[in-house]
Amino acid sequence: MANTISTTSHPSDFLLDGVYTPSITITNEQGEIDYTAWKRHIDHLIDADINGVLLFGSIGEFFAFSLHQKIEAIETLARHIAGRTQLLVGVSSTNLEEALQLTKAANEAKADAVLSLPPYYFAPSNKATLRYYDALANAAEAPLVLYNFPATTGKDLTGPLVAELAKSISAIQGIKDTVDTASHTRIMIDCVREVNPHFSVLSGFDEYYITNRIEGGNGCLTGLTNVVPELFAHMNQAWLAGNMDQAVADAKQVSRLMAIYPMADSFISAIKASVKAQGLDIPTDIQEPAQQIDAKQEVAISSFLEEVLR
C-alpha cells in the first residue's frame, strides 16, 4: 500500500498553489515574437494541468524585450489564455515608470497577479525596496507577488524583510523565492505566515518542490515545467492526494532532469532546446548578447531527455 501524507495547504486558501510555468518567450528566426508557436506552447501547458503561466519572467527574457513588445504580448496572450489557467505577468524593471506601464497592461489583461523583482544593478536599501513595491501595489489591480533572485539582482528579500513588506502593503500576497538553500525558504515561510497565514511561497528551484511543501509552502514556479509540465502536474496532484510514494518518485525524476540546466551556456537556451526536443519545433535562439546553443549541445539535451523520460 502506498505511503500517504496529510497535507495542510488548501489551494483555495492561497493566491498561488501548485506548479507554475515561467514561460519561455518564443521567437522566429528573425528574432520576432512568434505568437503561433507561443500559443501552442501555452496550450500544452494548460492541457497538462499547470496551475498558471508567468509571462516575462527570467526564462521569458523580460530584460531583453522592449516595453512595446511586452505590452503587445501581454494583451495577445491574455486573450488567448482567456481564464483557462492563472495568468501572472512579470513587470520587473530598473525603471519604475516602465514597471508601472507594464502593471497597467497587466490590469487591462485582467491578470491574476503581477510579479516583480526588486530593482536590480544598484541593490536598493530596504526603505527603497518598500517604496518601489508600494508604488507597484498602488498601481496594480491584481495582487502583487515578489520575486527574490539575489544571484542576479544583488538584493536578497529575506524572511524578515518580506514579512515587513507584507505587513505594510496588503496587496503583496506571495513570493517566488529563487535561492538555492531550503533554509532560506523555510525562514521565509515562518516569517510571512505570522503576518498573513495565506501568503503564498513558491520555490524558484524545480527540485525543491517537495521540500517547499514539507516546510508549508505552496509549490514551485520553475523552468522545467516548460519541458515536462505533465510530470510536475502529476507530482503536485500526488502531493495533494497524500500519495507520498508517487510524489517522491516524480520528484526523483525532476531531480535527474536538473542536469539539463548547465548543458548550454545559458539555462534559457537549455530550456528552449529541451522544449524543442519534446516536439515543439522552435528556434532555440535567445536574445543577444548571448552565446547561442550549438548543434552538439542540442543533440546532447535531446539524448538526455530520451534517456530519462523513456
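Author: A residue is called exposed when its relative accessible area is over 50%, and buried when that area is under 20%; anything in between is partly exposed. The model discussed here is predicted.

Reader: Is K110 buried or exposed, and what makes it so?

Author: The relative accessible area of K110 is 66%. The cut-off for exposed is over 50%, so K110 is exposed. K110 is placed in the loop between α3 (96–108) and β4 (113–116). Its phi is near 60°, a positive value in a residue other than glycine.

Reader: Why is D49 called partly exposed?

Author: D49 has a relative accessible area of 47%. Buried needs a value under 20% and exposed one over 50%, so D49, at 47%, is partly exposed. D49 lies in the loop between α1 (35–47) and β2 (52–55). D49 is not a glycine, yet it has a positive phi of about 75°.

Reader: How do you know whether T85 counts as buried or exposed?

Author: Its relative accessibility is 11%. Buried means under 20%, and therefore T85 counts as buried. T85 sits in the loop between α2 (67–81) and β3 (86–90). Leaving out residues up to four places away in sequence, T85 touches I46, I50, N51, G52, V53 and D112.

Reader: How far apart are T85 and L45 in sequence and in space?

Author: T85 and L45 are separated by 40 residues in sequence, and their C-alpha atoms are 9.2 Å apart.

Reader: What makes N236 buried?

Author: N236 has a relative accessible area of 4%. That value is set against the cut-off of under 20%, so N236 is buried. N236 is part of helix α9. Neighbours within four places in sequence aside, its contacts are G18, V19, N51, Y209 and R213.

Reader: How do you know that the span of α10 is close to the one expected?

Author: Helix α10 covers residues 244–257, which is 14 residues. The expected span is 1.5 Å times one less than the number of residues. For α10 the expected value is 20 Å, and from first C-alpha to last the helix reaches 20 Å.

Reader: Which residues of α10 are buried, and why are they said to be on the same side?

Author: A247, D250, A251, V254 and L257 are buried in α10. They cover an arc of only 110° around the axis, which puts them on the same side of the helix. An α-helix has 3.6 residues a turn, so residues three or four places apart point the same way. Among the elements that cover the buried residues of α10 are α8 (209–214), α9 (229–241) and α12 (295–309).

Reader: What is known of the peptide bond from E288 to P289?

Author: That bond is cis, with omega near 0°. P289 is in the loop between α11 (267–277) and α12.

Reader: How many cavities of 30 Å³ or more does a search of the whole structure find?

Author: The search finds one. The volume of the largest cavity is about 30 Å³. Its lining consists of A182, T185, S203, Y208, T211, N212 and E215. At least two lining residues come from each of α7 (182–195) and α8. By class, the lining has two nonpolar, four polar and one charged residues.

Reader: What lines the largest pocket?

Author: The pocket has 20 lining residues, and F149, T178, G204, F205 and F267 lie nearest its centre. The lining divides into 11 nonpolar, six polar and three charged residues. The space in this pocket is about 300 Å³.

Terms used
Residues numbered from 1 in each chain as written. Predicted model: local features only at pLDDT ≥ 70, side-chain atom pairs only at ≥ 80, totals over all residues. Heavy atoms only, no water. Helix = DSSP H or I, 4+ residues; strand = E, 2+ residues; numbered from the N terminus. Buried < 20%, exposed > 50% of the residue type's maximum accessible area, 1.4 Å probe, protein only. Arc of directions from axis to C-beta. Contact = heavy atoms within 4.5 Å. 1 Å grid on protein atoms, 1.4 Å probe; cavity = no way out; pocket = protein on both sides within 12 Å on 5 of 7 lines; lining within 4 Å. Points joined across faces, edges and corners; volume = space filled by probe spheres on them. Nonpolar A, V, L, I, M, F, W, Y, C, P; charged D, E, K, R; others polar.
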